[in-house]
Amino acid sequence: MPDVDRARAWLLTVDGAPQSYVDLDAPTHLEFEYARRLAHVLDTTGEPGLPLDVLHLGGGALTLPRYVAATRPGSRQDVVEADRALLRLVAEHLPLAEGAGVTVHGADARAWLDRTPDDSADVVVADVFGGSRVPAHLTTVAYAREAARVLRPGGRYAANLADGAPFTFLRSQLATFAEVFQELALIAEPSVLRGRRFGNAVLVASQEPLDTAALARRAASDAFPARVEHGDGLRRLIGDAKPVHDEDAVASPEPPGGAFSVG
């Protein structure tokens, strides 16, 4: 769907849910709040402006790969997207800029991750939704271990998740990644964290200390300010939640009607 307010900007919806927004003339414009929060993680990884090796699980309209290509020239990026028809649609109507350094693969995210070499990525970004739900096989301890294996020392894992009170899914994901990673943080709007509405939350994980102060400054400056939870606050949120294993994994909850609708 074209954006009537921006000449070459497009909204991609999948099964009626907004999935991606791209402005071909302004790749650093991130319309969706969750995309900006994922970008905050990318912006605070390594030295500002220097190239990164990024593995994107989930492609959509390639919003974040375009952002990284514009903000960190010379980056090498792999994008894994299982929906090959979607990839063809995006390639035809929203082509990448020449020399973007982005390679797109039509494959399952978990299967691709399992084959990815050790210590090969600075950042793994997970934004995988089957319709409006995170697939079950991308929620487990075994999956988290594969992500940790692929990351270089100092690397970051960032995932777009969605849940609402009582946060059964979100708490289980925090417990799962706490089983594998030394450091965790969560970026979300206060209204979501207080359980007032269903919404997105960005999970951040690393084996080394996270610059939560820098993340908090960036999140607070958004049009819809977000909060960064870490340390004791995050442990309280996890509570008695248990890590998820492959044999008991389930997809994230179905959003309530209208939670992510457009128009």
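1. A residue counts as exposed when its relative accessible area is over 50%, and as buried when that area is under 20%. In this predicted model, M1 has a relative accessible area of 55%, so M1 is exposed. M1 sits in the segment before β1 (9–14). Apart from neighbours within four places in sequence, M1 is in contact with A9, W10, L11 and T13. From M1 to A205 the C-alpha distance is 34 Å, and the two are 204 residues apart in sequence.

2. What does the interior hold? The largest nonpolar core has 42 residues, and L57, Y157, F177, F181 and L186 are those with the most contacts inside it. Helix α5 (residues 141–150) gives the largest share of this core, 6 residues. In soluble globular proteins, nonpolar side chains tend to be buried together.

3. Helix α5 deserves a point of its own. Of its 10 residues, 7 are buried, so α5 is largely enclosed by the rest of the structure. The buried ones are V141, Y143, A144, E146, A147, A148 and V150. They pack against β3 (53–57), α4 (109–115), β6 (121–126), β7 and α6.

4. Leaving aside neighbours within four places in sequence, Y157 is in contact with V124, A126, Y143, A147, L151, F177, F181, L203, V204 and A205.

5. How many aromatic pairs does the structure hold? There are 6. In the pair of Y157 and F177, the ring centres are 4.8 Å apart and the planes are at 20°, so this pair is stacked. Y157 belongs to strand β7 (residues 151–163) and F177 to helix α6 (residues 168–178), so the pair ties together parts that are 20 residues apart in sequence. F177 has a relative accessible area of 1% and is buried. Ring pairs also link Y143, Y157, F177 and F181 into a cluster.

6. The model has 2 cavities of 30 Å³ or more. The largest cavity has a volume of about 170 Å³. Its lining has 17 residues, and Y34, G59, T63, L64 and D127 lie nearest its centre. At least two lining residues come from each of β2 (17–23), α1 (33–43), β3 and α2 (63–71), and α2 supplies the largest share, 3 residues. By type, the lining of the largest cavity divides into 9 nonpolar, 7 polar and 1 charged.

7. The second largest cavity holds about 70 Å³ of space. Among the residues that line it are Y157 and F177, along with A126, D127, V128, L203 and others. β7 and α6 each supply at least two residues of this lining, and the largest share, 4 residues, is from β7. The lining of the second largest cavity has 9 nonpolar, 2 polar and 1 charged residues.

8. As for open space, which residues lie nearest the centre of the second largest pocket? They are E81, A82, V128, F129 and G130, out of 20 lining residues. This pocket has about 290 Å³ of space. Its lining divides into 10 nonpolar, 5 polar and 5 charged residues.

How values were computed. Residues numbered from 1 in each chain as written. Predicted model: local features only at pLDDT ≥ 70, side-chain atom pairs only at ≥ 80, totals over all residues. Heavy atoms only, no water. Core = buried A, V, L, I, M, F, W, Y, C linked by side-chain atoms within 4.5 Å. Buried < 20%, exposed > 50% of the residue type's maximum accessible area, 1.4 Å probe, protein only. Contact = heavy atoms within 4.5 Å. Phe/Tyr/Trp six-rings, centres within 6.5 Å; stacked < 30°, edge-to-face > 60°. 1 Å grid on protein atoms, 1.4 Å probe; cavity = no way out; pocket = protein on both sides within 12 Å on 5 of 7 lines; lining within 4 Å. Points joined across faces, edges and corners; volume = space filled by probe spheres on them. Nonpolar A, V, L, I, M, F, W, Y, C, P; charged D, E, K, R; others polar.
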